[in-house]
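These notebook entries record what I looked up in one structure. They follow the order in which I consulted it.

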Amino acid sequence: MLAAFVVGLRSGRYRGVDVAWGLAFAAIALTGLALSAGHGDTGRRLLVTVLVTVWGVRLSAHLWWRARGAPEDPRYARMLARAPAGPARTRYALRIVFLLQAAIVWFVSLPVQAAQYLPGPPGALAWAGAAVWAVGLGFEAVGDRQLARFKADPGNRGRIMDHGLWRYTRHPNYFGDACVWWGLFLLGADTPTGWAFVLSPLLMTYLLAFGSGKPMLERHLGADRPGWAEYTARTSGFLPLPPRRRR
């Protein structure tokens, strides 16, 4: 996160923190793999590390590709507009954009860190968690791909993406992200110790559904997208559900 801050300071754009987000989780998983050698079960350690790294690298690569040459993310522009200009704004960006997200990464990844120290091999609940992770990754990757193809067509400029997974939820990527972290939590939940970290996926789900994810994005989209009200009226905001019929 500090490296991303330096890059943002030099470029004048802080949206690179989104790219650092997934890589930070991967770095924690790889560090935990090294530190837990000789302590946790090897199979569980490798499984949780691979799942986190695959998810984090895919997400970061996608966000990097999407952000190439783009201006500052409107979310961070609005956030930084609250701070005074000059050095105070730089310090504000470091605290609120980068260090706060670093703390969230550490807290959300606690189930991953703990799972790498569990001595027993993965049980049924852990493998169920791997399945939930796979569902989440599928929603994220497919949803991102569908949206990218939609935006690449000039004929869709200004239109609402309401096909594919986006027909059943307005945020398949956020729903998928929540599934990923509930799945990773279950990788260590087949022991009493693992349940001590249930607040981590709860926090991630809250941020995605009620915090800096869905609400902030929808405030931006709803301001200038024709047909947005109709789309929200028929489409679930988070959980994938059949479209509601018009009354």
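**Entry 1: Gln146**

I looked up the contacts of Gln146, where contact means heavy atoms within 4.5 Å. Leaving aside neighbours within four places in sequence, I found Gln146 in contact with Met161, His163, Gly164, Leu165 and Trp166. Gln146 has its place in helix H7; helices (H or I, at least four residues) are DSSP runs, numbered from the N terminus. At 23% relative accessibility, Gln146 counts as partly exposed. The classes I use are buried for under 20% relative accessible area, exposed for over 50%, and partly exposed in between, with a 1.4 Å probe and protein chains only. I also noted that Gln146 and Val54, 92 residues apart in sequence, are 20 Å apart in space, C-alpha to C-alpha.

I must record that this is a predicted model, in which local features need pLDDT of at least 70 and side-chain atom pairs count only at pLDDT 80 or more, while totals for chains, interfaces and linings use all residues. Residues are numbered from 1 along each chain as its sequence is written, and side-chain values use heavy atoms, with hydrogens and water left out.

**Entry 2: H7 against H8**

I next looked up how helix H7 (residues 124-152) lies against H8, and found that their axes come within 7 Å and cross at roughly 160°. Axes are lines fitted to C-alpha atoms, for helices over the stretch in contact, and angles run from 0 to 180 degrees between N-to-C directions. H7 and H8 are therefore roughly antiparallel to each other. For such angles, under 35 degrees counts as roughly parallel, over 145 as roughly antiparallel, 65 to 115 as roughly perpendicular and the rest as oblique. H7 passes H8 in a left-handed crossing; a crossing is left-handed if the near helix is turned anticlockwise from the far one by less than a right angle, and right-handed if clockwise.

The residues of H7 that meet H8 include Gly129, Trp133, Gly136 and Glu140, and their partners in H8 include Phe175, Gly176, Val180 and Gly183. By class, I recorded 13 nonpolar, six polar and three charged residues in the contact of H7 with H8. Ala, Val, Leu, Ile, Met, Phe, Trp, Tyr, Cys and Pro count as nonpolar, Asp, Glu, Lys and Arg as charged, and the others, Gly among them, as polar.

**Entry 3: H3 against H8**

At what angle do H3 and H8 pack? I found an angle of about 165° between helix H3 (residues 42-67) and helix H8 (residues 172-186), with the axes 11 Å apart. H3 and H8 are therefore roughly antiparallel to each other, and H3 passes H8 in a left-handed crossing. In H3, Val48, Leu51, Val52 and Trp55 meet Asp177, Val180, Trp181 and Leu184 of H8. This contact has seven nonpolar, no polar and one charged residues.

**Entry 4: H1 and its cover**

I then asked which residues of helix H1 (residues 2-11) are buried. They are Ala4, Phe5 and Gly8. They cover an arc of only 105° around the axis, which puts them on the same side of H1; the arc is that of the directions from the helix axis to the C-beta atoms. An α-helix has 3.6 residues a turn, so residues three or four places apart point the same way. On the other side of H1, I found Leu2, Ala3, Val7 and Arg10 exposed. The cover over the buried residues of H1 includes helix H2 (16-35) and helix H5 (87-108). Just after H1, Gly12 takes a positive phi of about 80°.

**Entry 5: H2 against H5, and Val105**

I followed this cover and found that the axes of H2 and H5 come within 10 Å and cross at roughly 35°, in a right-handed crossing. Among the residues that meet are Trp21, Phe25 and Ile28 in H2 and Phe98, Gln101 and Val105 in H5. The contact of H2 with H5 divides into 11 nonpolar, one polar and no charged residues.

Is Val105 buried or exposed? At 3% relative accessibility, Val105 counts as buried. Not counting residues up to four places away in sequence, Val105 touches Met1, Trp21, Ala24, Phe25 and Ile28. Val105 and Ile28 are 77 residues apart in sequence and 8.8 Å apart in space, C-alpha to C-alpha.

**Entry 6: Asp41 and Pro122**

Last, I looked up Asp41, in the loop between H2 and H3. At 17% relative accessibility, Asp41 counts as buried. Beyond four places in sequence, the contacts of Asp41 are Leu118, Pro119, Gly120, Pro121 and Pro122. Pro122 lies in the loop between helix H6 (110-115) and H7.

Technical notes. Helix = DSSP H or I, 4+ residues; strand = E, 2+ residues; numbered from the N terminus.
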